[in-house]
Amino acid sequence: MMIMNVIPYKGTNGLASDGYQLWVVFIYALKRGKRPAYPPKSASRTFPPDTSLLTLDGFTPANFSVGVEILNDDTTPMEFVVNTLTQHLQISREDAFKMMLEIHGKGGVIVPLEDMKSAVSIAHRIAEEVQAHHHRLVCRAVNV
């Protein structure tokens with residue numbers, strides 16, 4: 001396991017392993033250059049909590065009318081997001097993982113739902129769980 005932690009890897013989605021970050025610091029040390037800032041700047045995209053993804057290009061699904069909007073932040077653990085999506089949206093763990101990566105990479109996602117009542121209910125339950133665990137993930141019901 002220790003060996004796996006020092007293998008440098010930077011995926012196409014911008015996520016880097018601990019080994020990658022370790023090697024960046026090591027190479028700077030060898031060159032006797034200025035050490036990069038730590039912790040390294042996040043590779044994920046974030047928006048201010050009051051941002052509406054409906055107003056941004058590329059976020060609104062085709063034929064969208066109602067759903068929930070989830071915004072990325074730099075502190076909520078990815079595993080928490082996957083578990084929350086799985087539990088509250090009743091999607092598979094694999095689909096929740098893909099959605100979490102989309103949230104992390106794009107800065108947020110809009111999930112279409114059947115009606116405003118279910119959107120409000122789901123957004124409320126997710127927000128309660130986020131607050132109970134002291135995270136900053138933003139989830140709210142939205143419609144056009």
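At 42% relative accessibility, E79 counts as partly exposed, a class that lies between buried (under 20% relative accessible area) and exposed (over 50%), as computed with a 1.4 Å probe and with protein chains only. The structure is a predicted model, in which local features need a pLDDT of at least 70 and side-chain atom pairs count only at pLDDT 80 or more, whereas totals for chains, interfaces and linings use all residues. Residues are numbered from 1 along each chain as its sequence is written, and side-chain values use heavy atoms, with hydrogens and water left out.

**Salt bridges**

The side chain of E79 meets that of R93 in a salt bridge, with an N to O distance of 2.2 Å; such a bridge is defined as a side-chain nitrogen of Lys or Arg within 4 Å of a carboxyl oxygen of Asp or Glu. Helices (H or I, at least four residues) and strands (E, at least two) are DSSP runs numbered from the N terminus.

In total, the structure holds four salt bridges. One of them joins R140 to E69, whose closest N and O atoms are 2.6 Å apart; here too distant parts of the chain are linked, R140 being in strand β3 and E69 in strand β1, 71 residues apart. A further bridge is formed by E94 and K98, with the closest N and O atoms 3.3 Å apart, and both of these residues lie in helix α4, four residues apart, or about one turn of the helix. The accessibility of the partners is set out below.

| Residue | Relative accessibility | Class |
|---|---|---|
| R140 | 25% | partly exposed |
| E69 | 1% | buried |
| R93 | 43% | partly exposed |
| E94 | 52% | exposed |
| K98 | 48% | partly exposed |

**Overall architecture**

The protein contains five helices and three strands, and along the sequence these elements follow the pattern α-α-β-α-α-β-α-β. Of its 144 residues, 32% count as buried. The protein exposes about 9,500 Å², with carbon and sulfur atoms supplying 58% of that area, where accessible areas come from the Shrake-Rupley method with a 1.4 Å probe and, for residues, only the protein chains shown count as cover. Among the contacts (heavy atoms within 4.5 Å) with a separation of 6 or more, 62% are between residues 24 or more positions apart.

**The sheet**

The three strands form an open sheet in the order β2-β1-β3, with antiparallel pairing; two strands are taken to pair if DSSP finds at least two bridges between them. Strands β2 (108-112) and β3 (138-143) are the edge strands, each pairing on one side only. Neighbouring strands of the sheet are turned by 25 degrees against each other on average, with direction ignored; axes are lines fitted to C-alpha atoms, for helices over the stretch in contact, and angles run from 0 to 180 degrees between N-to-C directions.

Strand β1 (residues 66-71) is joined to β3 by six bridges in the antiparallel sense, and it pairs with β2, likewise antiparallel, over five bridges. Residue L71 takes part in both pairings, as it stands opposite G108 in β2 and has V138 as its bridge partner in β3. Helix α5 (residues 116-132) packs on the sheet and touches β1 and β3, its direction making about 170 degrees with that of β3. Because six of the six residues of β1 are buried, this strand is largely enclosed by the rest of the structure.

**Nonpolar cores**

A nonpolar core is here a set of buried Ala, Val, Leu, Ile, Met, Phe, Trp, Tyr and Cys residues joined through side-chain atoms within 4.5 Å. The largest such core has 21 residues, and those with the most contacts inside it are V68, I70, L85, M99, I103 and V111. Two or more residues of this core come from each of β1, α3 (78-89), α4 (93-106), β2 and α5. When neighbours within four places in sequence are left aside, L85 is in contact with I70, Q90, I91, A96, M99, M100 and I103.
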